[in-house]
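Take a look at the model below, and then let us walk through a few of its contacts together.

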Amino acid sequence: MLKLNLIANFIGQGWTAFMGLAFIPVYVKYLGVESYGLIGLFALLQAWLRLLDMGLTPTISREMAGYTGGSHTAGSIRDLLRSIEGVVLGVSFFVAGGVALSADWIASSWVQAEEIPVIVVAQSITIMGLVSALRFVESVYRSSIVGLQRQVRLNVINSSMATLRGLGAVVVLVWVSPTIQAFFIWQALISAVTLIIFARTTYASLQCAERSARFSVAALSAVWRFAGGVLGITFLALLLTQVDKILLSKLLTLSDFGFYALAAVVAGALNMTIAPISQAWYPRLCQLHVAGDDEGLVRTFHQGAQLVTVIMGSTALVLIVFSETFLKLWTQDADLALRTAPILRLLVLGNLLNGLMWIPYQTQLAHGWTGLTVRMNIISVLLLVPAILWIVPRHGAEGAAWVWVCLNVGYVLIGVQFMYRRILISEKWRWYIQDLLQPLLVVTAVPVLVYWLVPVSEGFFEQLGTLVFAASLTLVAAVVSAKLVRQKVCSVTASFVESYALKKIHLKSL
């Protein structure tokens, strides 16, 4: 099931990421970079809404994974789901209403729009609140399906709705109304449909119980300690990852914020290369921990860590080295690429370092251990927030991006040391050397050599060919350098070749 889920996640989330990125140049063309700044503000609002779920959506994912391992009955898991639904629905109404009531103030006193009328900004913010509330509720069912390891079905739904969301928005802008309000109204319609589909899928994946599900304070109390730990992690992580955007949305003009938001979207899409791994590995790590299979847990941990380094590392380093080339190809706007590339390089580097911590973090959660990450993030916030407040007014967007890089260097070199004192005690140096260092040296050297040896021309197809060549060569070299990934690839390839040969022999015998 782990392999099937991983493949489904890469295909589904890869397509979803493509749909999310492919049409951004169209949005900028029809709406303008200032209106795209509002879309960046929308992404910021959705990120902060993660705080209001009080750690319940990661908790339901963990409990659903435990349900597959036998730690819940059909009745108890349905009660927990219904209880979390009640909390999240109440919060979503509060969110939609609160954003609507504060929309005029945000539009006039916070956002620095130069060309868009204040009333248009306020209307857009109101619709943003509605869409964010719908997606907030949707996250409960999405997390449930992840925990149930029904990830093929999840990715089919995600890919379908992402296609409707992206293509439909283009149709609306080109043939109906090229306005930011029309864009957000379409997002609201798709979010409502997606919510209904995910809810029905979740309940259809659970066994029938003897009675109807009901709201249960006891069910919430049983998971509250873990949820509280996740809440603390989420709050601090949001401060660490979003405070730069909050400050920049106030300090920069909406147009300049649009450039930063564009770089952040591309850098954030890098996480799509490892989200499928994390989504497939986390339930498996939970299952192995519950079963007491320490040997299997260690093996799965290192497989996941190496796979993250290979996939994310090869993508990130190519993007860092060829950032301006990529942006030119994607946006067909040389000036936009020139202004965005320096920010993009730094944000991608920071996200790469952050991504290397995903499997260790998932392993901590599988053990039910949230305290370490909470303490690490408290210290980081105490250092980071003053740094951002000092550097952003002086160095703008690039300064904020450098702070993000330094933060994640600290996590990789310092923070993770404390994890290996309590869990996976003998695995630290294996993680550093085999899982990180060896593949990263390769994925750094290959794209740099390609950049030096293969001159990038101005032609579209020549630039595209250079990028594809660099990415392919880097990925192959990274796979070869990571022992566990290389063994798995060789095993799968040998199995496929053997199966193909047997089929040919069978056909000949007929």
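How are α12 and α17 oriented to each other, roughly parallel or roughly antiparallel? They are roughly parallel to each other, where angles under 35 degrees count as roughly parallel and those over 145 as roughly antiparallel.

## Model and confidence

This is a predicted model, in which local features need pLDDT of at least 70 and side-chain atom pairs count only at pLDDT 80 or more, while totals for chains, interfaces and linings use all residues. Residues are numbered from 1 along each chain as its sequence is written, and side-chain values use heavy atoms, with hydrogens and water left out.

The chain has a mean pLDDT (the predictor's confidence in each residue, from 0 to 100) of 79, and 81% of its residues reach 70 or more. Helices here are DSSP runs (H or I, at least four residues), numbered from the N terminus.

## α12 against α17

The axes of α12 and α17 are 9 Å apart, and the helices pack at an angle of about 20 degrees. Axes are lines fitted to C-alpha atoms over the stretch in contact, with angles running from 0 to 180 degrees between N-to-C directions. The crossing is right-handed, meaning that the near helix is turned clockwise from the far one by less than a right angle.

Contact means heavy atoms within 4.5 Å. Among the residues making it are Phe301, Leu317 and Val321 of α12, and Trp431, Leu440 and Tyr451 of α17. The contact of α12 with α17 divides into 14 nonpolar, 7 polar and 2 charged residues. Ala, Val, Leu, Ile, Met, Phe, Trp, Tyr, Cys and Pro count as nonpolar, Asp, Glu, Lys and Arg as charged, and the others, Gly among them, as polar.

## α2 against α7

Helix α2 (residues 24-31) and helix α7 (residues 151-176) have axes that come within 10 Å and cross at roughly 20 degrees. These two helices are therefore roughly parallel to each other as well, and their crossing is left-handed, the near helix being turned anticlockwise.

On the α2 side, Val26, Tyr27, Tyr30 and Leu31 meet α7 residues including Arg165, Ala169 and Leu173.

## Arginine 165

Arginine 165 sits in helix α7. Leaving aside neighbours within four places in sequence, arginine 165 is in contact with Tyr27, Arg135, Trp186, Gln187, Ile190 and Thr194.

Technical notes
Angles under 35 degrees count as roughly parallel, over 145 as roughly antiparallel, 65 to 115 as roughly perpendicular and the rest as oblique.
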